[in-house]
Amino acid sequence: MAAGSQFVLVLILTNFFDAELAGVVFAATSLILILAGLAALGTDTGLARFLLRFEELGRHGDVRTAVWVAGLPVLGISVTLAAALFFGAEALALAMGLERAESAQALRFLALVLPAIALNDFGLAGTRALGTMRTTVLVDKFMRTLMQPLLILGVAAISGGLLLVVSAWAIPYAASSLTALFLLRRMLHRRGALRMHLDRMPPRAVWREFWAFTWLRGVARFLQIVLQRADIVIIGALLGPMEAALYTAATRFVVLGQFVVQAIQNVLLPQFSKLLARRENAVVQNLLHIATAWSSTLALPIYAIAALSAPLYLGLFGSSYAKSGGAEAVVVIMSIAMAVSVIAGPLDTLLIMSGHSGASLANICVALAVDLTLCLFLIPQIGVAGAAIAWAAAIVSKNLLAYLQVQRWLGMTPQSLAGVFVVGSALIAFALPLGIIRAFDVLSWSSLAAAVAGGSTVYLLALFLLRQRLQLAALKAVVRR
């Protein structure tokens with residue numbers, strides 16, 4: 001639902017507003033999400049580590065303290081960043097290439113909402129850390145992600161400008177933040193963590209315990225967000241907001257594939273920590289094979305179809321997007337890079353769960369350095385295709401480092417015979433017929449539909465024959481969850 005809603009959001013912005021306005025929105029909101037990631041400080045990981053652990057150890061009074069020692073820095077840093085953005089909006093808008101008259105005002109409005117975005121993520125992370133995904137699903141994945149496209153569609157209906165569009169994007173975060181914090185407090189109250197007479201350690205001791213673990217993951221998460229979002233900001237600064245809009249539209253399919261992969265990994269990967277603690281490495285190796293094969297099964301068709309039907313995909317965002325050769329190159333490059341990432345498997349998570357979080361952080365630093373360096377060198381030379389090459393190189397380098405580290409330290413690899421069969425089946429079922437269509441230059445919605453329908457039949461038959469090797473009965477249960 002969330003991935004689909006965000007895809008629809010981009011469709012609305014590119015089809016109902018001019019490309020310059022859409023580019024300003026994409027660049028400005030990317031900046032805000034980077035700053036919110038910085039303000040979050042990795043507290044989602046810290047809360048997940050400590051809240052239930054404190055309850056299990058009978059330290060119920062420290063649950064409340066942990067929430068405070070995590071939340072106060074998030075609030076303080078988000079307010080500080082918001083103030084800096086508010087007063088430096090004009091200079092920053094100029095530096096980002098946002099020359100539209102209302103750009104600085106839009107950044108100021110987003111600055112006012114920045115603390116709400118950070119606290120929204122914090123509140124939802126707290127409820128997840130207390131053992132429930134329901135709040136995140138209902139508040140963030142449904143309420144916020146449905147409100148945003150609906151409100152922006154309403155702005156389009158009244159021919160509103162940039163400030164109204166930015167408001168429509170930001171207001172759902174404020175509503176989601178208030179709801180998430182209220183539900184977090186109610187959960188703490190129901191679990192008795194807010195009772196004043198509970199025994200508790202000194203706040204300074206809880207602070208040291210919490211942040212000694214959390215700060216490293218905070219740095220890693222911030223760098224990961226920068227890796228995902230910085231290219232849009234850089235394109236806006238170097239090429240202008242219209243090119244930023246073009247690049248954003250061309251890369252939106254990535255979210256759909258990532259959603260499929262994350263949905264599977266969220267269910268399977270928590271088992272890594274438990275199995276590694278028991279030293280059941282053979283079971284971990286098998287789970288790594290399964291997670292990689294299942295992710296490939298669901299994500300590879302998306303990337304194959306996107307790469308080979310790029311002109312039709314880009315046409316969804318408007319005729320000007322479909323006519324851009326640079327945008328088509330972006331789709332093809334990113335499809336290949338994301339396919340490589342899926343085939344590589346959940347190596348980064350395995351590194352973290354096995355106690356090599358420092359290596360994970362180092363890999364992200366290398367990937368970010370590769371991305372930023374190539375962006376600054378290639379974007380002025382070849383435009384948005386340069387940003388795609390930079391992002392692809394960062395993805396490949398990060399996965400290659402993780403692959404070598406997991407193989408060396410744990411003696412494991414994500415590849416299996418089942419995974420090879422899945423890759424081969426996806427190529428035969430989808431890449432082959434669509435490649436023939438492109439070779440004969442007969443790509444249309446009808447030919448795409450025929451190729452996908454026929455390919456899906458072949459693919460499902462192949463998966464049926466491989467069902468035991470892929471353990472598809474278990475996958476069915478995971479999809480239901």
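The model is predicted, so local features need pLDDT of at least 70 and side-chain atom pairs count only at pLDDT 80 or more, while totals for chains, interfaces and linings use all residues. Residues are numbered from 1 along each chain as its sequence is written, and side-chain values use heavy atoms, with hydrogens and water left out.

**Overall fold**

- The chain has 23 helices and zero strands; both are DSSP runs numbered from the N terminus, helices being H or I with at least four residues and strands E with at least two.
- A compact globule of 481 residues would have a radius of gyration near 23 Å, and the chain agrees, with 23 Å; this radius is taken over C-alpha atoms, and the globule rule is 2.2 Å times the number of residues to the power 0.38.
- Along its principal axes, the C-alpha trace spans about 75 × 60 × 40 Å.
- Of the 481 residues, 53% are buried, meaning under 20% relative accessible area, against over 50% for exposed and in between for partly exposed (1.4 Å probe, protein chains only).
- Take the contacts (heavy atoms within 4.5 Å) between residues at least 6 apart in sequence: 83% of them join residues at least 24 apart.
- The chain exposes about 21100 Å², with carbon and sulfur atoms supplying 66% of that area (Shrake-Rupley method, 1.4 Å probe; for residues, only the protein chains shown count as cover).

**The second largest pocket**

- This pocket has a volume of about 360 Å³.
- A pocket here is an open set of points on a 1 Å grid over the protein atoms alone, where a 1.4 Å probe fits, with protein on both sides within 12 Å along at least five of seven lines; lining residues have an atom within 4 Å of a point.
- Its volume is the space filled by probe spheres set on the points, which are joined across faces, edges and corners.
- The pocket is lined by 13 residues, and Val67, Trp68, Phe122, Leu181 and Leu184 lie nearest its centre.
- Helix 4 (60-87), helix 6 (103-129) and helix 8 (162-190) each supply at least two lining residues, and helix 4 gives the largest share, six residues.
- By class, the lining has ten nonpolar, one polar and two charged residues (Ala, Val, Leu, Ile, Met, Phe, Trp, Tyr, Cys and Pro are nonpolar; Asp, Glu, Lys and Arg are charged; the others, Gly among them, are polar).

**Helix 10**

- Helix 10 (residues 241-250) is largely enclosed by the rest of the structure, because eight of its ten residues are buried.
- Those buried residues include Pro241, Leu246, Tyr247 and Thr248.

**Leu11**

- Leu11 sits in helix 1 (residues 2-16).
- Not counting residues up to four places away in sequence, Leu11 touches Leu316 and Phe317.
- Leu11 and Thr29 are 18 residues apart in sequence and 16 Å apart in space, C-alpha to C-alpha.
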